[in-house]
Structure formats: structure tokens, C-alpha cells
Amino acid sequence: MVLPHFYYTPKILDYDFGPQHPLKPERLRRTIELLERWGLSEVLDPGPGDPYDLLRVHGEAYVRGVDTISTFLENGITSEELRGLREVFGFGSMDNPPFAGMYDAALAYTACSAAAARAVSAGASLAFGIGGGLHHAVRERASGFCIFDDPAVACHILLEKFERVAYVDIDVHHGDGVQWIFYNEPRVLTCSIHEEGRTLFPGTGWTDETGTDFSSFNVPIEARTTGDVWLHAFERTIIPALERYRPGDIVLQLGTDAHVEDPLGHLRCTQGEWLGAVRRVKALGIPIVAIGGGGYNLTTVPRMWISACLTLADQPYPDEVPEDLAQAWQMPTISDHEEPRPRLSGADYADGVVEWLQKNHLPNIPAG
């Protein structure tokens, strides 16, 4: 099995907020283990990462602050300066508890996404940084389990080669960090379909957040919406937005937490419906940098990421998981064999969002 330009380093597994935190590195470890069991032949180490890449989208004071906090914790130092830095830079909440080694671990996942972006810039049609996709961090602050905004870094690198870049986010949470970083940059079209902000963090991602020259495109979906409606809305909004904009490359964020069994979101997609959006993006024939994202159920994240990676690479895969892993992980198959009921839940709300976007936003997206 060959996944082209698949960047990964075990250092990403050190990105760990602790045993009680919902973001668990085990989800990535299982993904890599199953891919290797199925014969993944080449994993590329991106190296330790270049701090300059962080400065593409983050302020120097913030990057230095993350490094300082990490160093203090590694050396067991507690001080007023440490407490102050934690509060200023977003590490004072349970979402982002600081930990020793966090700077190097966050730089490691960023390095994978950056290497994937450089591979596509050099001519590859597909590259992977599946350990990344941390889309909530903003220029000067950590947010929503995210320290460095690797999707934004990837977009910035791609702008050196392509006149237009699109960012497509299918995570259940709005891709707010990437949106705000590029809100006034019309060379980047940020597209996000997500559970609406009334019921889910970060509370943003409304249709009227349009950015400069209508380059911010949001599809908020009502809680409890089923995947048939979610996918239909995606096909009627984000796909035509991409067709109109005609980017040179797409950064595809593969958050899996729109799945019905995810503990943090309230949408009800199946693996197959979620994968349908991946297939629609692939069918556009535009080069793709595929990165990870959210997902907090250890039985759904690995199989959804694996199905997306292999689908994007035109690689077949069995539905059955090897018996020992299936038993250990309680994950017998890659696909779901039941659909949430009733179908078409949330259709009225989604239809209203689609109608508004088709009338007020899609016609204003700069045509490529």
C-alpha cells in the first residue's frame, strides 16, 4: 500500500493534554498501526520542523511564549511569569492545559502539514499530514485543544506557489482560527461546514461572516441533523463555491467529529456520509493537502481517517478490521452498517442556510 507523501513522526504522540482530556493521541497511534498492518510501505519523517513556519501565521511573542511555558514545565519551574504567560496565551483553561514538551510536539504536527504543503507546491497531486488539522489556534492565542494552527501554515506555504488556495473544513466545529487568520486575504477561500454556534464551541461560523471579497464561506448546520442532510448541504454549497473559485490547491481538514457517535458534537453523520464529502472534493481534480482534525471517539476516528486517506489515494481496502485489532478496539469494520433515524433530520434548517448562501454568497465569490 502506497500513500504518496505521507508525513508522520511519533513525536506527535507527545501532544498529550493528559488522561482526562478528550483529545487523545491514541486515535492517531491506532490509525498508523492499522495502516501499517495493511501494508503501508513508506512514512516520511518531516524532521523537527522549522520555527519560521510558525511565524507565517503566529506572532513572535506567542511562539516564544509557548516555548517558554514548555521549557518552564520541563524544568519544574513555577513562577509568576509562568502563570502570566498561561493566561495571556490561552493556557489557563481546561481546554488547553499546558504540558512539558508541548512546544516540540506542536511543532512536530505542524512540520508534517508544512512538509505536505511543500510536496504539493513541488508538483505532487496529493500529500498527507494526518496528525495535524488543529484549526482553532489564532495568531496570538491557543484555543480549542490547538496550540499552533497548522492548516493556516499549510495555506500560507501554498500561496508561494498558487495564486489561489482553498481551505475545506468538515470538522463538526467551525474552523475559526483559519478563518480569522485569512479573513482579509482574498487569495484564500476558507470553507467550513459545522454544527452551528448556538450549541457548540466556538460559537462562530455564521453565514454573514463573509470575509474580504466573500472569501469566508460558512455552512452552519443545526444540532441533531443527520448525515444525509449534511452531505446534501455540502454538495449544494461548498462544492459549487470551489468550482467557482477554482483554487490551485485545496487544504482538506478531516475532522471526524460530525459522526453520530462522537461525544463532543451533536451531528449524526455516518462514516459513509462523511466520506462522501471527501469523495466530492477529490472528484474536483485539484491537488489536495489532506490533514487531520477533531474526533474524540477512539472507535470512529481511525477508521474514518483510514478510509479518507485510502480513498484520496485510490487505494482499495477491506471493510473488516483484523480480528485481534477489532476485538481490542471494539472496531470490527471500517464502515457503519446502520444509519441514524429518522432520516432527513434538520432538513428545513439546512435548506434555509443553503438557500441564503446560494442567493447572497455564492454569486459574490470571486470567479477564477
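Me: Which residue of β5 stands opposite V165?
Reply: D249 in β5 stands opposite V165. Keep in mind that this is a predicted model.

Me: What makes β2 and β5 a pair of strands?
Reply: Pairing needs at least two bridges between the strands. β2 and β5 (residues 249-253) have five bridges, in the parallel sense.

Me: How many bridges join β2 to β3?
Reply: Five bridges join β2 to β3, and these strands run parallel. A166 is the residue that stands opposite L189 in β3. From β2 the chain passes through helix α7 (residues 176-181) on its way to β3.

Me: Why is that β-α-β crossover called right-handed?
Reply: The test is the path from the first strand over the helix to the second, seen with the strands pointing away from the viewer; right-handed means that it runs clockwise. The crossover from β2 through α7 to β3 is right-handed by that test.

Me: What makes β2 mostly covered?
Reply: Buried means under 20% relative accessible area. In β2 (residues 165-169), five of five residues are buried. V165, Y167 and D169 point one way, A166 and V168 the other way, and all are buried.

Me: How do you know that the length of α3 agrees with its number of residues?
Reply: Helix α3 (residues 60-74) has 15 residues, and at 1.5 Å a residue they should span 21 Å. The end C-alpha atoms of α3 are 21 Å apart, so the two agree.

Me: Which residues of α3 are buried, and what covers them?
Reply: Y62, V63, G65, V66, I69, S70 and F72 are the buried ones. Their cover includes α2 (51-54), α4 (80-88) and α5 (102-121). Just after α3 comes G76, with a positive phi of about 70°.

Me: Where does T210 lie?
Reply: T210 sits in the loop between β3 (188-195) and β4 (216-221).

Me: Why is T210 called buried?
Reply: The relative accessible area of T210 is 17%. Buried means under 20%, so T210 qualifies.

Me: What does T210 touch?
Reply: Leaving out residues up to four places away in sequence, T210 touches Y183, S215, S216 and H361. The C-alpha atoms of T210 and N364 are 9.9 Å apart, though 154 residues separate them along the chain.

Me: How many disulfides does the structure hold?
Reply: The structure holds zero disulfides.

Me: How do you know that C191 is in no disulfide?
Reply: A disulfide needs two cysteine sulfur atoms within 2.5 Å. For C191, the nearest cysteine sulfur is that of C155, 10 Å away. C191 is in no disulfide. C191 is also buried, at 1% relative accessible area.

Me: What about C309?
Reply: C309 is in no disulfide either. The nearest cysteine sulfur belongs to C112, 12 Å away. C309 has 0% relative accessibility, so C309 counts as buried.

Me: How many salt bridges does the structure hold?
Reply: The structure holds 21 salt bridges.

Me: What makes R187 and E185 a salt bridge?
Reply: The cut-off is 4 Å, from a side-chain nitrogen of Lys or Arg to a carboxyl oxygen of Asp or Glu. The closest N and O atoms of R187 and E185 are 3.2 Å apart. That is within the cut-off, so the pair is a salt bridge. R187 is partly exposed, at 39%. E185 is partly exposed as well, at 21%.

Me: Which parts does the salt bridge of D314 and K282 tie together?
Reply: Their side chains meet at 3.1 Å, N to O. D314 is in the loop between α10 (301-312) and α11 (323-329) and K282 in helix α9 (residues 271-282), so the pair ties together parts 32 residues apart in sequence.

Me: Why is D314 exposed but K282 partly exposed?
Reply: Exposed means over 50%, so D314 qualifies at 58%. K282 is at 26%, which counts as partly exposed.

Me: Where do D336 and R303 lie?
Reply: D336 is in the loop between α11 and α12 (347-360), and R303 is in helix α10, 33 residues apart. Their salt bridge is 2.8 Å, N to O. D336 is partly exposed at 24%, while R303 is buried at 5%.

Me: Which residues are linked in a network of salt bridges?
Reply: D228, E273, E339, R341 and R343 are linked in one.

Methods:
Residues numbered from 1 in each chain as written. Predicted model: local features only at pLDDT ≥ 70, side-chain atom pairs only at ≥ 80, totals over all residues. Heavy atoms only, no water. Buried < 20%, exposed > 50% of the residue type's maximum accessible area, 1.4 Å probe, protein only. Helix = DSSP H or I, 4+ residues; strand = E, 2+ residues; numbered from the N terminus. Contact = heavy atoms within 4.5 Å. Expected span 1.5 Å × (residues − 1).
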